[in-house]
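Please look through the structure shown below, and keep the sequence at hand while you read the briefing that follows.

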Amino acid sequence: MEQTTQKSELVLKGLSCPNCAAAIEDKINKLPWVENARINLATQILTLNTEKGEGKDNIREELQFIIDRIEDGVVLQDREERFQEQEEPTGMRFSSLIRKIPQIAGAFLFFILVFFKSSIPMAPGTGILLFAVSYLLIGHTVLLAALRNIRHGRVLDENFLMVIATIGAFVIKEYPEAVAVMLFYQIGEFFQDMAVDGSRRSIRKLLDAKPGKVRVRHKNAIRETAPEEVAPGAEILVRPGERIPLDGVILKGKASVDTSALTGESYPRQVQEGTEVLSGFVCLDSPLEIEVSRILEESAYSRIIRMVEESSGRKARSEQFITRFARIYTPAVVTAAVLLAFLPPLILGGAAFTPWIYRALVFLVVSCPCALVISVPLSFFAGIGKASRKGILVKGGNYLEELNRINTVVLDKTGTLTKGVFRVSALYPEAVTSKEELLHLAASAEAHSIHPIAQSIRRAWLEQSSVMTLPEADSVREVAGRGIMAQIEGDLIALGKKSWLEESCGPLPDSGTGTGVYLSRNGEFLGYLVLSDEIRDDAFETVADLRKGGIDRIVMLTGDSEDTARQVARFLNLDEYRANLLPEEKVRALEDLIGEGCRTVFAGDGINDAPVLARSDVGIAMGGLGSDAAIEAADIVLMSDEPRKIVTARRIARKTRRIVIQNIVLALGIKGLVLALAAFGSAGMGLAVFADVGVALLAVLNAMRILMFRE
């Protein structure tokens, strides 16, 4: 069936107001041609699903019109334009913020003049006039924004609350308070915007590194081309110090590459002819000629950036709670402010309205929940950004939060706890065949498989035989989780697990501690190969650190033999293991653990792990050697294939959770305290402004501590 919708991503440059973001999203979702729209405030990205065929220019015009009615100064861009923009000079980086400086300075000057009015000859009423001029100079943008929002049906926003509070102060003749509140509110907003903008840039530096021009070999000449225009098969040249722009295979050259942008590894990796390299690697010491294998959009670095940007759109429970809480909190506080202004004077005999109205105005200033609405999503996005810098791709804040709840870690063996680099350590032919023929038939059957075991068998054949070619199998059929059937020179060759071949050949000998690969021809057993796999260097340390980090149970699920699984489990001191599992049996084993009340992480790398990755509470894929199916099914991807990164991911998750809790307690605690003080007449407007923008600024700066996290 033909798809009727199309997806596009746009950047809302300059958007920092959470209330405005919510209003824009709501208005866009009401457009008749929009299926779904979602704004990610942390990345400023609008993800839009629209009816197919809707004109791009018409879309942008209509969206920009909606944005302009809600928030001035927000510019709609294509997502790609972010990468094409040159970095602004330091002095111009906050140009939109810098424009506020003369406005703040002028208002401050008028404000100061009032306090020298006794020394300066002035006509009666000049002081009030100076206060009014100062107020309009500093607050006209807030006034206009409040009026515009009221006209569009948005009343209970920050602008409206500030206008009501400050005009109310004028009405009760608290002129200095009115101007001071607006002045310090704008100063606070100025620094808050700087902090948010700076934090976004800090996070973006971890992610954005799109290549400029790519040097492509064209016949005998080198031509610079945009990376989007380079097709698979093209030959590109990368010089020392440059970032590899596209995924590919090295045709010529030998060099050290810095892989830290993708894997988080601190040590350079050696590459040479035939080595696959990924976009994002940095060539350190020698030029490389590379044959491109993927287009830019499908390259490793582009996929990482896209995953990290999209990830913050998947809200964690804390974010969802704050969003729901903010919708209730502000109207409730405004209602409380109205009651505080009028009920006590009416109930208490002889009480004056003025002091109670003043207390209510303080309530209004405090009531904005911006500190929570901005800082909590920003904390999760900072955590995701920090994890990506460590070579850990977290596909959503919800998965980062879920890592704090797990109590059971379930691990695949091959490629996760072991290196997945097998070698043929022994050959055991039956009397009807020889070692050479046994290895020859196995290598022929596995001629086109990309499985690590198949590659090891082919490598052993090439090392031991003088014949470099293998006969082509007439047909090959994979039997999921069991082995393969191949038609070779008229014979039916079966190659796979012992239990599978026993169905046709009867009882077979055990392979001992290695991984056994059994072979038959036309139903007659020919022998078996034993392959050994090396345990990863960091596997023992990973298990020990997981236990120290509070994991109650560590389980290994593998399709390998009982003897091999037992040996690995005993060496690594695992709690339990299950062997000889088919893919569907791995899922059932995981469901058994979930049924026992375990909150599970499963880490694996193969195609057969995709179902169990999807079923676990958090699925972690080994992204370096792992299959595309496993990476797509996983919630977290480890780009360096190091199981110890599971421990790192949990530490980042715990740090993120601590800072989110700190921000929630900080914001609600200070606001609650100031609201209580205001109700008893012990808090003035200055303290109220601090409880609003001051707390928001502190919460944003606290969120950025995640980027400085060190293990």
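In this predicted model, the charged end of Arg359 is placed over the ring of Trp356, at 4.1 Å from the centre of that ring. The points below turn to aromatic rings and then to a pair of packed helices.

**Aromatic rings**

- When the whole structure is searched, four aromatic pairs are found, and one of them joins Tyr518 and Tyr528, whose rings are stacked with 4.9 Å from centre to centre and 25 degrees between the planes.
- Because Tyr518 belongs to strand β20 (residues 515-521) and Tyr528 to strand β21 (residues 524-532), this pair ties together parts that are 10 residues apart in sequence.
- Tyr518 counts as buried, with a relative accessibility of 2%, and Tyr528 also counts as buried, with a relative accessibility of 8%.
- Tyr518 and Tyr528 are members of one aromatic cluster, which is formed together with Tyr428 and Phe525.

**Two packed helices**

- Helix α24 (residues 644-679) packs with helix α25 (residues 685-703) at an angle of about 175 degrees, and their axes are 10 Å apart.
- An angle over 145 degrees counts as roughly antiparallel, and α24 and α25 are therefore roughly antiparallel to each other.
- On the side of α24, the residues that make the contact include Ile659, Leu666, Ile670 and Lys671, while on the side of α25 they include Leu687, Phe690, Asp692 and Val695.

Conventions. Residues are numbered from 1 along each chain as its sequence is written. This is a predicted model: local features need pLDDT of at least 70, side-chain atom pairs count only at pLDDT 80 or more; totals for chains, interfaces and linings use all residues. Side-chain values use heavy atoms; hydrogens and water are left out. Rings of Phe, Tyr and Trp (its six-membered ring) pair if their centres lie within 6.5 Å; planes under 30 degrees apart count as stacked, over 60 as edge-to-face and the rest as tilted. Helices (H or I, at least four residues) and strands (E, at least two) are DSSP runs, numbered from the N terminus. Buried means under 20% relative accessible area, exposed over 50%, partly exposed in between (1.4 Å probe, protein chains only). A charge sits over a ring if NZ of Lys or CZ of Arg is within 6 Å of the ring centre and within 35 degrees of the ring normal. Axes are lines fitted to C-alpha atoms, for helices over the stretch in contact, and angles run from 0 to 180 degrees between N-to-C directions. Angles under 35 degrees count as roughly parallel, over 145 as roughly antiparallel, 65 to 115 as roughly perpendicular and the rest as oblique. Contact means heavy atoms within 4.5 Å.
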